[in-house]
Amino acid sequence: MRYLILIALLTSPSLSYACSCGIINIKEVITESKHVFVAGVKSVKIGKPNKDHMRSVVAEFELIESIKGNSKEIKKLYSGFGGGDCGIPLNVGWQYIVYTNDGVISVCSGSRPYPGKENDDGYTEAVRTYIKNGTDFNTEDFFLIVPSDIECES
């Protein structure tokens, strides 16, 4: 009987798991993040479940540019699979701008794909200047995929 109730709850259409970050203030994210850097993903594997997370994606990366903090302290990136778990799909060969304290990233952390130096429209320079001397910048001046642009409801 308990199994039937559990199955009914898990398959109920009214039960959904969704990513909900609210509106991200990127300046707060920058201020609250210990590390801000650009990384290129070298390899990806599925991580083992632990007490805090179910399964996750674990990525080894090459540090391209450290913008804030000692980014060499971060050995791997950890994220969900994307969609309802708020994870960022990590693809080998792609670059990401990372905002993190411990290597865990998500759309809610502000981390996102990075188009590469040749396609950067000044965003990383604005972030760098904001970190260095607090110079304000308008995120609307840059082409960014922000969590509010992503449909995470499932």
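Author: The side chain of Arg112 reaches the backbone oxygen of Gly110 at 2.8 Å, a polar contact (a pair of N or O atoms within 3.5 Å; within protein, one must be able to donate a hydrogen and the other to accept it, and residues adjacent in sequence count only if both atoms are side-chain atoms). This is a predicted model, where local features need pLDDT of at least 70 and side-chain atom pairs count only at pLDDT 80 or more, while totals for chains, interfaces and linings use all residues. Residues are numbered from 1 along each chain as its sequence is written, and side-chain values use heavy atoms, with hydrogens and water left out.

Reader: Is Arg112 buried or exposed?
Author: Arg112 counts as buried, at 5% relative accessibility. Buried means under 20% relative accessible area, exposed over 50%, and partly exposed in between (1.4 Å probe, protein chains only).

Reader: Which strand is Arg112 in?
Author: Strand β5. Helices (H or I, at least four residues) and strands (E, at least two) are DSSP runs, numbered from the N terminus.

Reader: What order do the strands of the sheet have?
Author: The order is β3-β2-β1-β4-β5, in an open sheet of five strands with antiparallel pairing. Two strands pair if DSSP finds at least two bridges between them. β3 and β5 stand at the edges with a single partner strand each, so one side of each has no neighbour in the sheet.

Reader: How many bridges do β1 and β4 have?
Author: Six, in the antiparallel sense. In β4, Tyr96 is the bridge partner of Ala39.

Reader: What does α3 lie across?
Author: α3 lies across β1, β2, β4 and β5, and runs at about 70° to β2. Axes are lines fitted to C-alpha atoms, for helices over the stretch in contact, and angles run from 0 to 180 degrees between N-to-C directions. Contact means heavy atoms within 4.5 Å.

Reader: New topic. How many salt bridges are there?
Author: A search of the whole structure finds four. A salt bridge is a side-chain nitrogen of Lys or Arg within 4 Å of a carboxyl oxygen of Asp or Glu.

Reader: Which residue does Arg128 meet in a salt bridge?
Author: Glu65, at 2.5 Å, N to O. The pair links distant parts of the chain, with Arg128 in helix α3 and Glu65 in strand β2, 63 residues apart. Salt bridges that share partners join Glu65, Glu125 and Arg128 into one network.

Reader: And which residue does Lys34 meet?
Author: Lys34 and Glu73 meet at 3.6 Å, N to O. Lys34 lies in the loop between α2 and β1 and Glu73 in the loop between β2 and β3, so the pair ties together parts that are 39 residues apart in sequence. Lys34 is partly exposed at 46%, and Glu73 is partly exposed at 43%.

Reader: What about the inside? Which residues have the most contacts in the largest nonpolar core?
Author: Phe37, Leu77, Leu90 and Val98, in a core of 16 residues. A nonpolar core is a set of buried Ala, Val, Leu, Ile, Met, Phe, Trp, Tyr and Cys residues joined through side-chain atoms within 4.5 Å. β1, β2 and β4 each supply at least two residues of this core.

Reader: What does Leu90 touch?
Author: Not counting residues up to four places away in sequence, Leu90 touches Val41, Val44, Val57, Ala59, Leu77, Ser79, Tyr96 and Ile105. Another core, of 15 residues, lies apart from the largest one and includes Ile26, Val36, Ile97 and Phe142.
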